[in-house]
Amino acid sequence: MASSDSDGDFNGFDSYDVECAELKQKEVINDRELDDNFDDESDIEIEQGLEYDSSGESSSENDDFEDILNRDDLEWSQITRKVIIKRFSAKQGPTNFPNVGQIDIVDGAGDGSKLPPASAYFDQLIPNTFWETLKLETNRYSSQNGRDVNISVSELKTFIGITMLMGLIVLPSLKQYWSSDPSLNSDFIRKCMSRDRYFAIQRDLHLTDSTKQPAKGADGFDRLYKVRPMIDMCKKSFREQYDPPQNISIDEGMVKYKGRLGFVQYMPMKPTKRGIKVWIAAASDTGYVHAFNVYTGKSLDGVQEKNLGHKVVMDLMETMLYEYRHVYFDNFFTSIDLAIELLNKKTYCCGTIRSNRKYYPLSHVHKLAKGSTKFIQSNNLIATAWQDKKTVHILSTNCDAEMSVVQRRTRAGIIENVSKPLCIINYNKCMGGVDLGDQLRQYYSFGRTSLKWWRYLFYFLLNVACVNSFLIYKLHMKALGKTPMTQLEFRHSLAKCLIGGAVSKSYRRTPKRKLENLFDESNISGHSLVHFSGRKRVCVLCSASGKGAPSGRGIQSSFGCNICSVNLCKTCFPLYHASQSK
């Protein structure tokens with residue numbers, strides 16, 4: 001180095017550059033030196049380090065992440081500085097609201113204005129092409145099995161609308177919705193569709209032509225073939241109807257299913273422990289589901305996927321990269337390579353990380369003093385270890401190595417101030433998007449048990465579409481300055497919109513006549529109509545007069561006379577005794 005007797009040798013550098021050069025020369029960081037530096041865990045001081053000048057090149061708005069190429073380029077240091085965080089300026093929120101003023105007032109408007117019905121928001125996510133496909137394949141499957149369900153689009157919508165109502169009015173048995181017992185109070189459903197018709201549609205409901213499904217091992221084989229049209233349609237509509245915001249959370253969801261299926265997962269720490277796993281990317285603030293992928297297990301050749309978490313994140317974020325978004329995920333996904341790849345694609349991230357993750361620089365840190373923190377940084381990557389009840393490890397590229405004070409309530413109910421790393425505060429604030437969407441979906445979830453696994457995914461996607469359309473509706477009402485309906489009111493209104501004016505042909509429009517109006521008790525003193533146990537038998541009066549059912553069989557009844565011991569229809573009971581008295 002040049003002589004230090006004159007400051008003229010350093011005319012092109014300031015004091016900051018000199019200090020950084022001296023520190024880098026003295027502290028060439030490697031894994032062995034990190035172990036030596038972190039031996040003392042009893043008294044940890046957070047090194048705030050030096051910040052780049054806001055006017056310098058390192059913090060310029062025009063900088064890219066060209067210095068972050070791959071893992072081998074990283075040089076970890078305890079000297080922390082401000083990270084480069086560029087402003088998110090992309091469009092966010094719903095892309096298209098239904099027209100206002102062209103549709104009659106709907107339930108919940110309350111002020112006489114004309115507002116779109118709930119179905120207008122739902123139809124943006126579940127378009128008419130879906131109903132046409134469902135009608136075509138349901139009728140095809142019915143005819144392939146020697147039946148003729150002959151269903152229409154309006155009847156399919158009525159079927160789905162009734163199923164939505166079953167998520168609001170919960171009864172233990174499906175048949176009870178058609179019970180004549182007034183205590184069950186399901187007369188509206190009985191009016192809309194008969195029980196036998198509902199069961200017939202449920203039996204033949206289909207989305208694809210089963211005869212064209214590729215065999216296992218053949219080209220084009222798809223484990224999700226049965227529900228593939230709906231998956232592709234929902235992915236497209238969810239993405240097109242809502243521009244994702246700055247903060248996105250990624251997590252797994254579970255579709256409850258306990259049957260035998262090759263890709264059923266068991267996750268004991270989840271509320272739904274056994275079922276079909278779905279990877280989900282949702283908005284952190286609203287819970288709107290932007291992207292999802294159904295996990296179907298390892299590949300058919302039996303080779304287990306490596307870096308699965310890395311692949312899942314990149315697949316879900318495929319259409320949301322290069323716009324400086326912030327994505328949050330848990331320790332299943334987080335890795336050094338993933339953070340670098342996202343950073344190279346102009347996307348920031350923050351996530352908990354397993355301490356034994358490969359190349360993680362704080363892997364040796366397992367126990368610190370209560371409340372103490374360690375930071376280590378390389379360019380925009382910051383590894384953080386913070387000791388709370390246990391050691392929490394965070395890898396982030398979207399915030400500085402700083403601490404912040406938050407309030408936390410203890411088990412005793414006492415509110416205390418706690419100093420936390422900024423990255424952990426951001427993680428706790430923005431990680432819950434998927435859980436928020438799950439919570440909204442579970443409140444009034446609909447769908448019935450079935451032996452067919454794909455129907456669980458079918459109803460899952462319909463439930464997600466209900467929640468997404470409700471979230472768009474809330475934002476629309478906020479933009480209009482209106483008070484929105486609750487989710488319960490929205491779903492109720494949506495179910496009624498789908499059902500429309502449907503009336504079952506078999507619905508009895510007039511009340512049943514009372515028995516005392518059919519006969520004069522003085523003419524048949526001592527005789528009364530009672531219910532006979534056992535199977536029904538042919539009415540003796542109908543049989544004698546030659547009456548029969550449309551099928552040609554005799555008209556049967558489970559009622560009869562307690563004295564005469566013969567089976568009689570309720571209308572035949574007085575006629576029979578009138579003829580006997582002559």
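Biologist: Does Tyr359 count as buried, partly exposed or exposed, and why?
Modeller: Tyr359 counts as partly exposed, because its relative accessibility is 40%. Keep in mind that this is a predicted model.

Biologist: Where is Tyr359 found?
Modeller: Tyr359 is in the loop between strand E8 (348-352) and E9. The phi of Tyr359 is positive, about 70°, although the residue is not a glycine.

Biologist: What about Tyr322, what is its phi?
Modeller: Near 65° for Tyr322, again a positive value in a residue other than glycine. Tyr322 has its place in the loop between H9 and E7.

Biologist: OK, confidence. What is the mean pLDDT of the chain?
Modeller: The mean is 82, and 80% of the residues reach 70 or more. Residues 1-10 have pLDDT below 50, and that stretch makes three contacts in the model beyond near neighbours in sequence. Residues 102-112 are also below 50, with 17 contacts in the model beyond near neighbours in sequence.

Biologist: Switching to strands. How many residues of E10 are buried?
Modeller: Seven of seven, for the strand spanning residues 381-387.

Biologist: Which residues point which way from E10?
Modeller: Leu381, Ala383, Ala385 and Gln387 point one way. Ile382, Thr384 and Trp386 point the other way. All of them are buried.

Biologist: How does E9 pair with E10, parallel or antiparallel?
Modeller: Antiparallel, over six bridges, with E9 covering residues 373-378. Thr373 stands opposite Trp386 in E10.

Biologist: And the hairpin of E9 and E10, how many residues sit between the strands?
Modeller: Two residues. Asn379 in that hairpin takes a positive phi near 55°.

Biologist: What about E10 and E11, how many bridges join them?
Modeller: Six bridges join E10 to E11 (residues 391-396), and the two run antiparallel. Trp386 stands opposite Val392 in E11. The hairpin that joins E10 to E11 goes through three residues.

Biologist: Now E3. Why call it largely enclosed by the rest of the structure?
Modeller: Because eight of the ten residues of E3 (residues 247-256) are buried.

Biologist: Which way does E3 run against E7, parallel or antiparallel?
Modeller: Parallel, with three bridges to E7 (residues 326-329). Asn247 has His326 in E7 as its bridge partner.

Biologist: And against E5? How many bridges there?
Modeller: Nine bridges join E3 to E5 (residues 274-283), and these strands run antiparallel. Val255 stands opposite Ile276 in E5.

Biologist: Helices next. How many residues of H9 are buried?
Modeller: Seven of the nine in H9 (residues 308-316), a helix that is mostly covered. The buried residues are Leu308, Gly309, His310, Val312, Val313, Met314 and Leu316.

Biologist: What covers the buried residues of H9?
Modeller: The cover includes E3, E5, strand E6 (289-294), E7 and helix H10 (336-344).

Biologist: Helix packing now. At what angle do H3 and H14 pack?
Modeller: About 80°, with the axes of H3 (residues 118-125) and H14 (residues 487-499) 8 Å apart. That makes H3 roughly perpendicular to H14.

Biologist: Which residues of H3 and H14 meet?
Modeller: From H3, Ala118, Ser119, Tyr121 and Phe122. They meet Phe490, Ser493, Leu494 and Cys497 in H14. By class, the contact of H3 with H14 has six nonpolar, two polar and no charged residues.

Biologist: Last pair. How do the axes of H5 and H7 cross?
Modeller: At roughly 100°, and the axes of H5 (residues 153-168) and H7 (residues 195-204) come within 11 Å. That makes H5 roughly perpendicular to H7.

Biologist: Which residues make the contact of H5 and H7?
Modeller: H5 brings Glu155, Leu156, Phe159, Ile162, Thr163 and Met166. H7 brings Arg197, Tyr198, Ile201 and Gln202.

Biologist: How does the contact of H5 with H7 divide by class?
Modeller: Six nonpolar, two polar and two charged residues.

Definitions and conventions. Residues numbered from 1 in each chain as written. Predicted model: local features only at pLDDT ≥ 70, side-chain atom pairs only at ≥ 80, totals over all residues. Heavy atoms only, no water. Axes fitted to C-alpha atoms, helices over the stretch in contact; angles between N-to-C directions. Helix = DSSP H or I, 4+ residues; strand = E, 2+ residues; numbered from the N terminus. Parallel < 35°, antiparallel > 145°, perpendicular 65-115°, else oblique. Contact = heavy atoms within 4.5 Å. Nonpolar A, V, L, I, M, F, W, Y, C, P; charged D, E, K, R; others polar. pLDDT = per-residue confidence, 0-100. Buried < 20%, exposed > 50% of the residue type's maximum accessible area, 1.4 Å probe, protein only. Pairing = 2+ DSSP bridges.
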